[in-house]
Amino acid sequence: MAKEKSTHGFTSPSVILSGFLCGKEAHGIGAHGMPSSLLVAYSGGADSSCLLYLLKDWCDKTGVELFAAHVNHGIRGDEALRDRDHCVSVCKKEGIKLFVLDADVPRIAKETGKSIEGAARDVRYDFFARVMAENDIPVLCTAHNADDNLETLLFRLARGSAARGLCGIPPVRELEGGGFAVRPIISLTKDEILDICEEKSIEYVYDSTNADTAYTRNSIRATAMPVLREINPEAAEAALRFCENLRADCAYLDKIAENYLKKEGARHIGALASLEKPIFTRVITSLYAMHSGEMLESIHIEAVAALIREGREGASVSLPGRLKAEIASNELVFSADSRESKEREALAKKELLFGDNFIGGGYIIRLEYLNSTVSSQTTPDIQTGKENIYKLFTQAEILSDKIKGSLFARGRLAGDTIRTSGMTKDVRKLLSERKIPINKRDSYPIICDDEGILLIPGIAVRDGAIQKNKNCSERVCITLFEDETERH
């Protein structure tokens, strides 16, 4: 028997849905009146099957038209086809129009450099948006539940998310293409959903990848969630309350930032510098959002804060989306960043030869051959004419027999990883952790051989490529110099 949710005013599954869609939680929808139609994201699993059942019951009583959409991600072979056939069968039986997409997510992930999870999400929501637009459906219903919310909270906490990220899964959010995404069963735990499925004899399929802990969310579900439930059996419900309170706090701070931006002189660096950090962060994010759909991370906000503190006329910092923040007439302005494209072009793939390699972007890479009786002769400076214009940046000695094929340097590519210290690490994250300036990350030299990334100078080296005893093997000394005359 499904547990009652009396503390939220819910007394039955049908009331759960009705109370959500008509109540204050769905404030965005309520402002637009009762929706004429709904689209449910239907995978065939327990959560979405429960949601489909509740939606069907509610729509039959209210006259709202119900549609469903199913995505086969092309990951699980015959099992995924089984799920698709199950969804087709259920919707045909219930008289629900079903839209189906067969996608090749592994190929898309490889082409875009995204993770499988990230590519799958993009494919799903692009498909949902297209179905909604073509059929004039204003509301998308997804089956996120209280356990999903807790898992999301833990994942973002582990990544060091700011307050907005810790707000969890919002019950309602506006979609970029118009309309709303709502989570009608966000207050239900997984156990409660399974109870409803059992009580109402709702059939569903099981996704075997849910047990694969190679996926981050599954790992959290298998390891962290049981421990939290031992501490507090109602941990998921407690997380919902925490997220609700934090969303209210964030909404209040957002309003303060919004009012600040309406003031005359809001972009003046003196006024910006006087803002408290929570408001400053929101103001900068809002100003940036006027020019780009990209997301700013905390390191970007910190870079803009440093720029404002410096206050030097004409000083600038590059930001995602090929934009830059610049000080002009004592105001903070955003504009296209021509430097970023210059640096991207400067660090195209370039073969490395012994001696000095001028690779562009303000860098030189020197290769020297060493044996057991010869040490590197590189000094901290290279003399060019009468001036010292280069500085030694970093140096590494790589075992010759660990270099596969030819060496070349290039800039960072989406999805780049390196196997180092026994782990596969994301290059983008490594550059961020080492505080490489944002406007230099795409031009920072990455040294590769025919097997992939061998060395990120001063940051990481491929496992097995170096050894502590430098007197027993033939080695290649790789030295990176920075040209001080070309740096911004």
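A residue counts as buried when its relative accessible area is under 20%. Keep in mind that this is a predicted model.

**Stop one: His73.** Select His73, in the loop between β2 (65-72) and α4 (78-94). With a relative accessible area of 18%, His73 is buried, because the cut-off is 20%. Now show its surroundings: leaving out residues up to four places away in sequence, His73 touches Ala103, Asp104, Val105, Pro106, Ala120 and Arg124. Zoom in on Arg124, whose side chain makes a polar contact of 3.3 Å with that of His73.

**Stop two: helix α8.** Select residues 190-199 and pick out the buried ones: Glu192, Ile193, Ile196 and Cys197. Look down the axis of α8: the buried residues fall within an arc of 145°, so they line one face of the helix. In general, an α-helix has 3.6 residues a turn, so residues three or four places apart point the same way. Turn to the face away from the buried side, and you get the exposed residues Asp191 and Glu198. After α8 comes Ser201, with a positive phi near 55°.

Which strands make up the open sheet of 3? They run in the order β7-β8-β9, with antiparallel pairing. β7 (316-319) and β9 (331-336) are the edge strands, each pairing on one side only. From one strand to the next, the twist averages 25°. Between β8 (residues 323-328) and β9 there are 6 bridges; select Ile327 and you'll find Leu332 of β9 opposite.

Next, bring in helix α12 (residues 277-289), which lies across β7, β8 and β9 at about 35° to β9. Finish with helix α13 (residues 298-310), which packs on the sheet and touches β7, β8 and β9; its direction makes about 170° with that of β7.

Terms used: Residues numbered from 1 in each chain as written. Predicted model: local features only at pLDDT ≥ 70, side-chain atom pairs only at ≥ 80, totals over all residues. Heavy atoms only, no water. Helix = DSSP H or I, 4+ residues; strand = E, 2+ residues; numbered from the N terminus. Buried < 20%, exposed > 50% of the residue type's maximum accessible area, 1.4 Å probe, protein only. Polar contact = N/O pair within 3.5 Å; in protein donor to acceptor, adjacent residues only side chain to side chain. Contact = heavy atoms within 4.5 Å. Arc of directions from axis to C-beta. Pairing = 2+ DSSP bridges. Axes fitted to C-alpha atoms, helices over the stretch in contact; angles between N-to-C directions.
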